[in-house]
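Here is a model to read with some care. The questions below ask what each label rests on, and the answers set values against definitions.

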Amino acid sequence: MTIGDNPSKPLDISKIRAKLDGSKGPQYWKSLEEVAGSEEVQAFLEDEFPNRAPDWLDPVSRRTAFKVMAASLALAGVSACTKQPKELIVPYVRQPEDFLPGKPLFYATAMPMFGGAIGLLAESHLGRPTKIEGNPDHPGSLGATDHFAQASVLDLWDPDRSQTVTRYGDISNWVNFVAALSSARDVLALKNGEGLRILTETVNSPTVADLFKTIKENLPAVKWHVWEPAARNTVTRGAQLAFGRAVEPVYHFENADVIVSLDSDFFSHGPGHVRYARDWADQRRIRTNITHSPQPKQDRQEGYQAGPAAPLRNQAATHSEEDKSPSPHPAQVQAEGKPLSEADQNRMYVFENAPSITGGLADHRFIVKASQVGQIAQSLAAALGVAGVQAAQTGTPADAAIAMVAKDLQAHKGRCLVIAGDFQPPEVHALAHTMNQALGNAGKTVAYIESLDANPVDQVESLKELVGDMNGGKVDTLLILGGNPVYTVPADLDFAGAMKKVKLRMHLGAYDDETSLLCHWHVPEAHYLETWNDARGYDGTVTIMQPLIDPLYDGKTVAEVLTIVAGKPDQSAHELVKGYWQGRHNDDADFTPFWQTSLHDGIVKGTASTPVDLSAKAPGSIPPPVQGFEVVFRPDSSVWDGRFANNGWLQEMPKTITTLTWDNTVWVSPRTAEKLGVGNEDVVEIKASGRSVKGAIWVVPGHADESATIQLGYGRSRGGRLASGIGYNANAIRTSNALWVIGADLRKTGDSWRLASVQHTQTMEEREPIRIATLAEYKKNPMFVNESEPVVPQYLTLYPDYKYEGYKWGMSIDLDTCTGCGTCVIACQAENNIAVVGKIEVRKGRHMHWIRVDRYFHGNLDDPELYFQPVPCMMCENAPCELVCPVAATVHSGEGLNQMVYNRCVGTRYCSNNCPYKVRRFNFLLYSDWYTQSLYGVRNPDVTVRSRGVMEKCSYCVQRINSAKIEAEREERRVRDGEITPACAQACPTQAIVFGDINDPKSRVAQLKAQPRKYGLLQELSTRPRTSYLGRLTNPNSEIEKG
Amino acid sequence: MQIFHRSTNTISRVSIFGALFLVGGLIAIAYTLDRGDFSTDVGVVKEQPVPFSHKHHVTDDGIDCRYCHTSVEKTHYAGLPATEICMSCHSQIWTNAAVLEPVRESWRTGQSLEWTRVHDLPEFVYFNHSIHVAKGIGCSTCHGRVDQMALMYKVNTLYMNWCINCHRQPEKYIRPRDQVFNMAYEYPPNQMELGKKLMAEYHVQKLTDCWTCHR
Amino acid sequence: MKIEEQEHVLPPPVDPGPDKVIGPGHDFVTVTEEISNVVLQPLKKTPKEWFGAFVVAFVVMQLLFISATWLFYKGVGVWGIMIPVAWGFAIVNFVWWIGIGHAGTLISAILLLLKQDWRTSINRFSEAMTLFAVACAGMFPVLHTGRPWLAYWLLPYPSSMWLWPQPRSPLIWDVFAVSTYATVSLLFWYVGLVPDLATMRDKAKTQWQKVIFGMLCLGWRGSARHWSRYQMAYLLLGGLATPLVVSVHTVVSFDFAISIVPGWHTTIFPPYFVAGAIYSGFAMVLSLAIPARKWFNLEDLITKRHLECCAKLMLGTGLIVAYGYSMEAFISWYSGDIYERFMYWNRITGPYGVCYALLITCNIALPQLLWIRKLRLNVKFLFFMSLVVNCGMWLERFVIVIVSLHRDFLPSSWGIYIPTKWDWATLAGTVGFFLTMMLLFMRTLPAISIFEVREVLHHLEKEESPGLEVVS
Amino acid sequence: MAEFEEPEVLIKAAEKAYDAGYRKMDAYAPMPVDGLSHAIGDRKNYVSLMVLIGGLCGAAGGFGLLWWITCIAYAHNVAGRPFNSWPAYIPITFECTVLIASLTAVFGMFAMNRLPQPYHPVFNVPEFERASIDRFFLCIEADDPQFDAQQTRAFLEELDPLQVSDVEK
């Protein structure tokens, strides 16, 4: 399956169109697999077969690291009644105080990302960090996380991390490195550090910033360069342009009724994106005080007498001989909320070239080329009457809407928001600032704080300068602290070439990667969970990051290296961080409590930056749009700029828009694909400014024409077993003066590259797994969700209900606030020891995720709506899977959970066939890694590691339920609402997933299930799912609707 | 013409029944082996670094279970004493007894003692001491008269049907909370009604769900 | 006095045509001679074709062992199965083989009850065919489990976990149905063999043959009392086996009918599965009988009449199957259920549409040629047709199992199933195993029931010369 | 022991012998012959009764097992169905019925026939080997009250057999 085997047929878009024109009602279009009927699949079948790699080779399996070929006898571990092998207990010699073996501990820390940091609680089992949760006290998290944070714990245990200091590639040690660097420094110190250059990624750690200050004092000639391939450079530049100083905008979605995004995907990245999603959702969420009553009132038919003698019967679930009424149904709970007439939610307009999760949530999504967003901004600004700005035409439908958008904004002065995308040029940011000012939003929906960036230089310029000096021979010693410039620096600068001219090159990095290969010295960088550090959150709040474990491979931090340059070697990260903060206190008396509380809370009180108020002025001109075909660069949604390339969880996480795993692709619109005569998996060559790269096409409906989007972070040549050999390197055609968009042309090569998508059919067909209505329709008919698929009334079944007298667990998922970000997927994977299976297996349809996010395109092929639906186990009360299991490996619990017992499963897979939701996952091979020692560390000891040949599925995180129940029982009370939170619900940024006890009418979940928008997936099958959904609402602008 | 000798009639019949009995017998033997001490380890003493006698420490010295098994009331894991705990006494008494050398060595070197597990559940079984103790299940109910064991062995198979037996009818085995750590506790003749009373009092459920122990 | 001394020349093996079950010029001795010779003739006299076929079959059988070993070593992932298509070739083959296994007992039992004279010459080896087909089928449920070494958990036995099977699951019904069927077929076959084994004992030339057959026939001596009990038992066995045959494939069809998968959840499955089973069963009988009668010169015992009757039955059951298909289509439309409708539409036009077209051709279209008597009597054509139907029936199972699964309720979890080489190897392997077994059987045991042929012969004689008693 | 060529002759002979008062006798044929057993005075046949009993035991056992498993030994809420979902037990019950019945039929038949019995005096007669091929025999056993070597032989001769021979014990 390498580039070069047979080309698959191009998509015949015209055929689909023909179909669509014929089809009535809401338009449905077919996906790749069904394009123009079955020929595509026939072809797929035909050329697929010969290409099958021998099962014992799995040549492109991207998870050899995780994979074990042997049919191991470790299987005995999960097969019952075998003689137990000898097992040792190794007690402590001195048991730590207040430590209880078997109880996980949580430590507050933070993960630096996007030039900011998100506050976290890290779970530790017997000293092993196993799981990341959000820190409820941290403003940037409020208890939620993103998928990067969730997956970061796997990086800590990654067997491919660089594990030792190397010198010229040979194993060395820290002492030698210190000696080498110190001597180099001492030499350069004679010329005030002339010729010593330090290249870092965006730094926002006060400690590090302080260290740089000292360095500057001692060695004024030392230059500090900053480069991060997907940094928010344009944001600071834009602020410079508008305000004359690099400030950071902080948005307050909780106050925004109308939001305009100028190609800004603020839900998926940026220092505040998790918090923003929460605030937005709070504005979005609708609770109506009308109670959902799905069942027609009829007399129930008598059921069978059922159930054995009392002592054997499960206490909680008992067959109701006497009383045939159904178990407490949400219908009996009175829904709380506003009256229907007052139901209201915010409205969002998004202008973008490629679908994003923000665009998916938009009430109006306008497709424009990325390079045209500037003109849109101009027109909008003009329409808003910003002085000195002329409207510009893009020639897209968007132009027509601008007036109405402006009108809507003006109608909500002070309660609206205009946001420019992180990858739009500074001018667009400046325009956005001026518009917000014109709309009186400053201080209300947007505040400006001092930049989080300790060194807010123009990173591109800074990089250019460095490269220039290197070529000019002005650099003797280059200190690369973090990052992987050799891979990430745009091709036109030829960083590698320039580097070779530097006498002494030193690299601090987590992996032995492209950069370390070209450096004389390489020092393993400490993971943020294993060292001391500090970082600023999106609003400036500082978190002191504390280690949960000693550095596994003696990794070091940026600070620890800098302190050598500063001339004070042998200071540990702990001393440095503590020292810095001690320095800001007069004496221990007030330091010690401060230190304790700060560490405990995970935030340093009072460090949130105070807003400054400034006046913005519009930029003179904006960069002209790319004439002809544009290629847009974006960081990848799962590996970002490549830093997570060796993270199996993220690699296998379906990318929200494409549901692809393990690869980056070239996104083009159906029309463009038609024009190029290519289809999915066809390889095209992208030529831009004399350079070219080859990548596989993925046709993305709703993408702008004459435009292609390509993702950074792939095509790595080093940096771990999983990182290299997949995708293509987009940096190869990136240039320093056109970082984010460039004019280029695409050419079909005739080759094809196999991609692993987890969802082949991208439409809902004639079915309605997701029920959608506009706010207006909802007000007319709040029960709209139950019309297409009525609930099967209870009286239709022969059997009497089981009554759940104890707890009755249930889940509710609000499709209106689900962003589809996929954090739940990774959170679940981390919590439940879910195996990574690799590209080949994903292609075969064998991915293991317990909760998946279904993504449907709906409506027009060129401008479809985009819907997301998280699907965990439905925990059906009449579970079809249970009926057909021959060995009772899956049965119902007394609390209505659909239990899956791995150690009883023989693997007939009948349950999966009979599961209409297909949420069951099967270990077709030995997917769990039984052999890589370091990966044992990340495992959750409360969940069995599944072996080959057993079925598995979502358990509502039963390990959490049980421990909470045990706590409650010991205290002789019922479990409180909210005491149990499954991993998915806990990680969800918008709290779209809610779990709880349905029997408790006051519980949040019971309340949500009482909402009129509540419906069950495939409820007409009478499976009676415990997981229910709230229908999706949209809030379109009626004027635009008309227009 | 005659092929077989007269005797073959008898032989053939005997052999038929013989075969039946043989098969039956083999199955019976396999069954008993599977249930026997060989595979259950019931009553089998495992080799330990130190010949620790519960009999001596509990009965003679009258040390409470919780003195060493510190977390039995707090977590799923009863807790095995850290060397520290051993040394708290043995730094004063038996300071140079040969049998205790491993303990002292562990204390000196900081290397943990490595005990062999006696009560060993499969990895897919999640047992929680704290809740059982809290609900009035005594140590001796499962571990037997540990106070009379010179060397540790298990008295129950810890097989699933054994667990289920109690989970289905706790009233048979439950005892007052204050008696949980009483090794010599005898069930009263009126256990059945006492058990029912205690179950009500302690809100004991009959948890026979799979996910109670397996996840 | 010994038979050898008498004048008993074997009549030439000529096919007496479509209305006679036995060729001319036969008496008790000659039929006995002709049938027992197949077994007792010296090895070098064995027909070349037999050796050829055996070598081929034996080699192909090795595929089964190789692929099974690889399967146990790696796991079921070596097959093409995935989510949503969690059942692949294994189940398809299982149902196919079980179906084939139906003709044997059917012929022996039902035709016995119906007193059909044409059953005699073919019942013995169609029973053997049943046994081996069921053996092949029986392998798959075990092979296809994720943890085959625990397959015994499907049996009710007192385990140390005190866990029991879950008898609401059709798979448990399968366990009982298939094992019962295997046992009863075995008994039926052996009981039928006993008197002939006695014959073999007496015909055998060498001592060791005598001893072996002597053992196997349990010392049968044809006593009148024995015969009477024997016949009663045999009749009852037939009576019991008849509903059993019907039940087995009914239960197999429940595997699908009980589920909620569109395309599986159908009440019409039991009858048309049974019909289909008989259909493929008779096809297989023909595919085996036609070469066998040729190689061993048995044309005068397995006559065109036998072949034609099988052909007619194929035609009949084929029509029932056709009815089944049409009903399936009709109901899925008539139900108005979008999932049902889509399922059927997808069957015809979906990615696997080709399979459906082929299936209709093989099972419905081509067999209609059997209406033509000339073709029914054309042995070569019958042989060809029997192969066609066997393929067709395999495709039917493929369509039902895989095409229904690959697109069910939620479009998001639709998928494409692609069989791997190991899927094919396993299928081929079982065919090899089956043929090897059949060939060995034909060469080592009387493939035609001698004593029953004698009975028929006797009846015929009586019909021809009513005054027979007077003569003696 | 007399040897005949045709089954009908044998039947007649047997009837004669029975009328002549012989009781302990047996007829041998290479194939089942209607009425032969009747002719030699074998009137009753218990096979069917046994099978009936066997079948009933099978049915009871089968259903009983399932009921016990799902209601007593291992009661669980499966797919919201009652513990005793008897309709689901019908197939297995039926299979058990057939299985036990068939087993009793076959093994009962062999047992009643006193088989296996590789050795039997009649095999001592060389001609008897054709009893399994094309000859029919009538054997009057020595322990028959009326048995007398000469008379019986004479009597058998009257039945115009191919030949009469003595069977050594």
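Q: How many salt bridges does the rule count over all chains?
A: Over all chains the count comes to 85 salt bridges, a salt bridge being a side-chain nitrogen of Lys or Arg within 4 Å of a carboxyl oxygen of Asp or Glu. This is a predicted model, in which local features need pLDDT of at least 70 and side-chain atom pairs count only at pLDDT 80 or more, whereas totals for chains, interfaces and linings use all residues. Residues are numbered from 1 along each chain as its sequence is written, chains are lettered from A and ligands numbered from 1 in the order in which they are written, and side-chain values use heavy atoms, with hydrogens and water left out.

Q: What pLDDT does chain A average, and where is the pLDDT below 50?
A: The average for chain A is 84, and 88% of the residues score at least 70, where pLDDT is the predictor's confidence in each residue, from 0 to 100. Over residues 1-11 of chain A the pLDDT is below 50, although this stretch has 43 contacts in the model beyond near neighbours in sequence (a contact means heavy atoms within 4.5 Å). Residues 19-81 of chain A also have a pLDDT below 50, with 166 contacts beyond near neighbours in sequence. Where pLDDT is low, the predicted coordinates should not be read in detail.

Q: Why is the pair A:Arg747 and A:Glu685 called a salt bridge, and which parts does the pair tie together?
A: The closest N and O atoms of A:Arg747 and A:Glu685 are 2.2 Å apart, so the pair meets the 4 Å limit. A:Arg747 lies in strand S28 (residues 745-752) of chain A and A:Glu685 in strand S24 (residues 682-688) of chain A, so the pair ties together parts that are 62 residues apart in sequence. Helices (H or I, at least four residues) and strands (E, at least two) are DSSP runs, numbered from the N terminus.

Q: What makes A:Glu685 buried or exposed, and what of A:Arg747?
A: Buried means under 20% relative accessible area, exposed over 50%, and partly exposed in between (1.4 Å probe, protein chains only). A:Glu685 has 11% relative accessibility and therefore counts as buried, whereas A:Arg747, with a relative accessible area of 42%, is partly exposed.

Q: Why is helix H3 of chain A described as mostly covered?
A: Helix H3 (residues 147-157) of chain A has eleven of its eleven residues buried, among them A:His147, A:Phe148 and A:Trp157. In chain A as a whole, buried residues make up 68% of the 1043 residues.

Q: Where do B:Glu101 and B:Arg104 lie, and what makes them a salt bridge?
A: Both lie in helix H6 (residues 101-109) of chain B, three residues apart, about one turn of the helix. An α-helix has 3.6 residues a turn, so residues three or four places apart point the same way. The side chains of B:Glu101 and B:Arg104 meet at 3.1 Å, N to O, so the pair falls within the 4 Å limit. B:Glu101 is partly exposed at 31% relative accessibility, and B:Arg104 is buried at 15%.

Q: How do you know that the salt bridge of D:Glu5 and D:Arg135 links distant parts of the chain?
A: The side chains of D:Glu5 and D:Arg135 meet at 3.7 Å, N to O. D:Glu5 is in the loop between strand S1 (2-4) and helix H1 (7-19) of chain D, while D:Arg135 is in the loop between helix H4 (90-112) and strand S3 (136-140) of chain D, 130 residues apart. D:Glu5 is partly exposed at 42%, whereas D:Arg135 is buried at 3%. A network of salt bridges links D:Glu3, D:Glu5, D:Arg130, D:Asp134 and D:Arg135.

Q: Which residues form the salt bridge across the interface of chain C and chain A?
A: The rule finds one salt bridge there, in which the side chains of A:Lys918 and C:Asp408 meet at 2.8 Å, N to O. The contact takes 72 residues from chain C and 73 residues from chain A.

Q: Which residues form the salt bridge between chain C and chain D?
A: D:Asp26 and C:Arg225 form this salt bridge, their closest N and O atoms being 3.8 Å apart, and the rule finds one across this interface.
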